[in-house]
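Welcome! Please take a look at the sequence and structure below, and then read on for a short tour.

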Amino acid sequence: MRMSIARVAANLGVAWNTASDAILAAGAELLIDSADRLDGVTTVGVDEHVWRHTRNGDKYVTVIIDLTPTRTRTGPSRLLAVVEGRSKQAFKSWLEAQTKAFRDRVEIVAMDGFTGYKTAAVETIDTVTTVMDPYPCGGPGRGQARPLPSSASSRRRWGIGGVPVTRSTASDASPGPGSVLLTTKQQHRLAKVFADQRHVAFEVTWSLYQSVIEAYQADQPTEGKKIMTRLITSIQSGVPAGLEELRSLGQTMKRHRDDILTFFDHPGTSNGPTEAVNGLLEHLRGTARGFRSIINYIARCLLDTGGFKPLTHSLL
C-alpha cells in the first residue's frame, strides 16, 4: 500500500522529518544501495518524466527501467534509477558511472524517439541494440486532423500501402483489430463517421493506427515485421495534401526505421513497461501532493517502484 510520509508520521505519532529521515535511511541501507541490485540486467528502458509542475527550475528527470523481467516473463519491470535532466549526457553519465560488467551485460535499450538517449547508449555500450516504439513518434492523432482539400475525390480515400478504397466500401470495411476494444454501439458510431466525406482525414489516420496495432498483434514476429515495413514504406510518400501530421509521422518513422523494426527481432523489448512505471510515479507524486526536494523524490520513486516489495515484506 502506498502511503504519504505525513500519514506514516501521523500513525506513528512522530514528526514528519523524523519519519522521513528514518524511512529514507533504512531504504537506502537495506534496498537502494544493495550491491547486487543491478545484477542480471540485460534489457533497459529509458524515458523522460516530469517530477514537478512549476514555472521555475528544471522539471524533467530521466527514468531508467529494468525491462529484463518483462522480456523473460519472470516478473514486472522495475525502476533502476532517476537522473536529473533529460539529455544525452544525463543518461550517458549514469551508464558511465556503472561497472563495465554491468554495461557488458546490457544487450538492448528501449526508448522513445529522442535521439539523445540512443546516442548515449551507442557511445557507452560497445554492442547494444536500440529499440523504439513507433507510438511516441508524433504519431496518429497528435495535432489537429484537417479535412482533405475539396479537389480530392469524394469517392476514394488513400489506403495504407497505396491501395485506394472506394467510398462505397468504406462504411462496410472492418474497423480494424482495435475494434475488439469497442462496443457494438461504438463500432456503429465509427462506421457512421467513416461514411461522412468530411471525416476522410480521420478515416485515413485510423487506418494507419490499425495497421500499427495489427503489426504488434501478429502471431509471428516475422509477419508483424512485414506489416510494419509495408506501413513505413507506404507513408514515406503519397500522402495526400492536407494530412501534414501523417507526412511528418512518415518522415519520423523513416528516420527511426531500423530501431522500430528491431523490436520484431527481439520480442518483449517494448518500452511500454517503462511508460507503465512512469504512470506509477505520477500516482506517487499525487499521493504526496507534490515534492519540493528532488533527493526525496528520487528516493521515494525507487522505494515505490524499484521492485523491493518482496524484500520489504521479508523485513516486516
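Contact here means heavy atoms within 4.5 Å. With that in mind, we can start with one residue and its neighbours.

## A buried threonine

Threonine 62 sits in strand β2. Not counting residues up to four places away in sequence, threonine 62 touches Val46, Asp47, Ala81, Val82, Val83, Gly85, Arg86, Ser87, Ala90 and Tyr117. The side chain of threonine 62 also reaches the backbone oxygen of glycine 85, at 2.7 Å.

Is threonine 62 buried or exposed? Its relative accessible area is 0%, so threonine 62 counts as buried.

## The sheet around it

This is a predicted model, and it contains an open sheet of 5 strands with mixed pairing, in the order β3-β2-β1-β4-β5. At the edges are β3 (78–84) and β5 (129–132), each of which pairs on one side only. On average, neighbouring strands of this sheet are turned by 25 degrees against each other, direction ignored.

Strand β4, residues 108–111, pairs with β5 in the parallel sense over 4 bridges. Looking at β5, you will find valine 131 opposite alanine 110. Helix α13 (residues 272–287) packs on the sheet, where it touches β1 (43–50), β2 (60–66) and β3. The direction of α13 makes about 40 degrees with that of β1. Helix α14, residues 294–305, packs on the sheet as well and touches β1, β2 and β3, with a direction at about 170 degrees to that of β3.

## An enclosed helix

Helix α9 covers residues 200–217, which is 18 residues. From first C-alpha to last, α9 reaches 25 Å, close to the 26 Å expected at 1.5 Å a residue. Why is α9 described as largely enclosed by the rest of the structure? The reason is burial: 13 of the 18 residues of α9 are buried.

## An arginine with positive phi

Arginine 73 lies in the loop between α3 (68–72) and β3. Its phi is near 60 degrees, a positive value in a residue other than glycine. Most residues other than glycine have a negative phi. Arginine 73 is exposed, because its relative accessible area is 80% and the cut-off for exposed is over 50%.

## How confident is the model?

The chain has a mean pLDDT of 81, and 81% of its residues reach 70 or more. Over residues 138–173, however, pLDDT stays under 50. The model has 63 contacts beyond four places in sequence for residues 138–173. Where pLDDT is low, the predicted coordinates should not be read in detail.

Definitions and conventions: Residues are numbered from 1 along each chain as its sequence is written. Side-chain values use heavy atoms; hydrogens and water are left out. Two strands pair if DSSP finds at least two bridges between them. Helices (H or I, at least four residues) and strands (E, at least two) are DSSP runs, numbered from the N terminus. Axes are lines fitted to C-alpha atoms, for helices over the stretch in contact, and angles run from 0 to 180 degrees between N-to-C directions. The expected span of a helix is 1.5 Å times one less than its number of residues. Buried means under 20% relative accessible area, exposed over 50%, partly exposed in between (1.4 Å probe, protein chains only). A polar contact is a pair of N or O atoms within 3.5 Å; within protein, one must be able to donate a hydrogen and the other to accept it, and residues adjacent in sequence count only if both atoms are side-chain atoms. pLDDT is the predictor's confidence in each residue, from 0 to 100.
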